[in-house]
Every structure is written in structure tokens, then in C-alpha cells.
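Work through the exercises below with the structure open. Try each task before reading its solution.

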Amino acid sequence: LIGCQSDEVVNAEMLRVGHLSLHESTVKALNLPDTTIDGHLGLIGTTFTGTDAYGNSLTASGLHATDAYLRHGFEAAGPIVVVGATIDSNLEMDGAKLRGADGRGASLIADKLHVGEAYLRRGFEAAGSIRFVGATVDGELDLSGATLSATDAEGNSLNGDRLHVGGGVALIHGFKGAGTVRFVGATIDGELLLHATAGIHGLRLTNARCAVLADDEGSWPQKG
């Protein structure tokens, strides 16, 4: 399906394949709930122009894949949902543009995701918030240079409540969040890096634990 053009939703629900690639394709949406991909999900340079019956550009709840590449020109008109998915290696979303949000104001919904590493760097943009509530990241969660330009209904740009990260979390190199960054009850085994940001408008770390908190005054939220 590389380079394909379609005004329809691509439906691969409960499919089992070795690899699934729509690189450089333009389709309405992709529906992958409970699908097993023994190799990679390749969406490099892919554009989703609309949404599926669930209101999402990508519905991948319960997906199991070795890795997932949504980067280098990837764009989605609606939200991306990977709730309860398992990605054994990397979720790579460097430079991805998420233009839409769900009814709660979230552009990326990754609650209870289990992933090896998650990279949302180098120009990643979300029109709404991103959620990693109850997720597990075995290695690094890196949002260096990401822009979260809006909030959910509760005023959050990043909700990582009860998140467990085996490595570190990086909100550096111009990371910008329009609302509150939450890690309530989260466990970060490595460093939480908060420096050289372009602005964080609120930070909640209630009952959170991390090995090292590395910040600078410029990354502190404004008083009040």
C-alpha cells in the first residue's frame, strides 16, 4: 500500500500480518483495533485526511506490533488512539503533525500503552493534549522540541498520571506546553529533564518519583 491514494478508511481490524506499511500514502483513516503486526507499522510521510467511525484518524487500541513509525511528514486530521497497545520496540513520531483532537481535547491517546521507547521530538506538534495515563515505557520518553499547542478540558497539555518510565523523560530543547504537564503518581526510574523549555504553564508532580529532577529556572511555570 506504499504511495496509495484513497478517500476511504483502511480497515485492518483483528488482522495478523508480518508488516504493514502505508509510507507516503494519503487515506481517510486507518482502523487497526486488536491487530497483530509481527514486524513494523510503517506510516512514514503518511497523511490521514479524515476520521473513522470512532472519530479517529488512527484507531489502534489493542494493537501489538514490533515497532511503529509515524514520522517524517506524518499528518493526521483527527486523533491517534493506541490505548492498551503493545509496541515491543520504538514508537517514533518525530516531526509528526496531529491536527485534530477528540471530544476531551486530546490528540494522542496512549493510556495503558506498553512500549519500549517513545520519541515525539524534532518538530512534533499536537493541536490538543497528549495522554500516557497508566502507560509503561521501558526505556526513554523523549519530547525534546515538541509543541503541545492546546489543552484538554481540564487544562492539561500532557497527562502522564501513573506513568512508569524505565529510563528518563526529556522535556527539553524548546519543549512547549500550552497547559499543565502532569505526572501525578508517576514513576520515572531515570532523569526527569526540564530545562531549556519554551514554556510550561503548569507542572503537577504529586506523589511522583524520579531518580533525578534536572531543571532550570527558565522551565519553571509562572507563579499563580
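**Exercise 1. A charge and a ring**

Task: In this predicted model, find the ring that the charged end of Arg71 sits over, and give the distance from its centre.

Solution. Start at the charged end of Arg71. It sits over the ring of Tyr69, 4.9 Å from the ring centre. Tyr69 belongs to strand β9. Now check burial. The relative accessible area of Tyr69 is 18%. The cut-off for buried is under 20%, so Tyr69 counts as buried.

Then list the contacts, leaving out residues up to four places away in sequence. Tyr69 touches His40, Leu41, Gly42, Leu43, Ile44 and Glu92. Last, take a C-alpha to C-alpha distance.

**Exercise 2. Two rings**

Task: Count the aromatic pairs and classify the geometry.

Solution. The count comes to one aromatic pair. Its members are Phe48 and Phe74, at 5.6 Å centre to centre with 85° between the planes. Planes over 60 degrees apart count as edge-to-face, so this pair of Phe48 and Phe74 is edge-to-face.

Now locate the partners. Phe48 is in strand β7 (residues 47-48), while Phe74 is in the loop between β9 (64-69) and β10 (75-76). They are 26 residues apart, and the pair links distant parts of the chain.

Finish with accessibility. Phe48 has 1% relative accessibility, so it counts as buried. Phe74 has 0%, so Phe74 counts as buried too.

**Exercise 3. The cavity**

Task: How many cavities of 30 Å³ or more does the structure hold, and which residues line the largest cavity?

Solution. The structure holds one cavity of that size. The volume of the largest cavity is about 50 Å³. Read off its lining: Leu41, Leu58, Leu63, Ala68, Leu70, Ile80, Val82, Ile87, Leu91, Met93 and Leu108. Sort these by class. Eleven are nonpolar, with no polar and no charged residues.

Link this back to the first exercise. Leu41 is one of the lining residues, and Leu41 is also among the residues that Tyr69 touches.

**Exercise 4. An asparagine in a strand**

Task: Is Asn156 buried or exposed, and which residues is Asn156 in contact with beyond its neighbours within four places in sequence?

Solution. First, the location: Asn156 lies in strand β21 (residues 156-159). Second, the accessibility: Asn156 has 3% relative accessibility, so it counts as buried. Third, the contacts beyond those sequence neighbours: Ser129, Ala150, Thr151, Thr180 and Arg182.

Technical notes. Residues numbered from 1 in each chain as written. Predicted model: local features only at pLDDT ≥ 70, side-chain atom pairs only at ≥ 80, totals over all residues. Heavy atoms only, no water. 1 Å grid on protein atoms, 1.4 Å probe; cavity = no way out; pocket = protein on both sides within 12 Å on 5 of 7 lines; lining within 4 Å. Points joined across faces, edges and corners; volume = space filled by probe spheres on them. Nonpolar A, V, L, I, M, F, W, Y, C, P; charged D, E, K, R; others polar. Phe/Tyr/Trp six-rings, centres within 6.5 Å; stacked < 30°, edge-to-face > 60°. Helix = DSSP H or I, 4+ residues; strand = E, 2+ residues; numbered from the N terminus. Buried < 20%, exposed > 50% of the residue type's maximum accessible area, 1.4 Å probe, protein only. Lys NZ or Arg CZ within 6 Å of the ring centre and 35° of its normal. Contact = heavy atoms within 4.5 Å.
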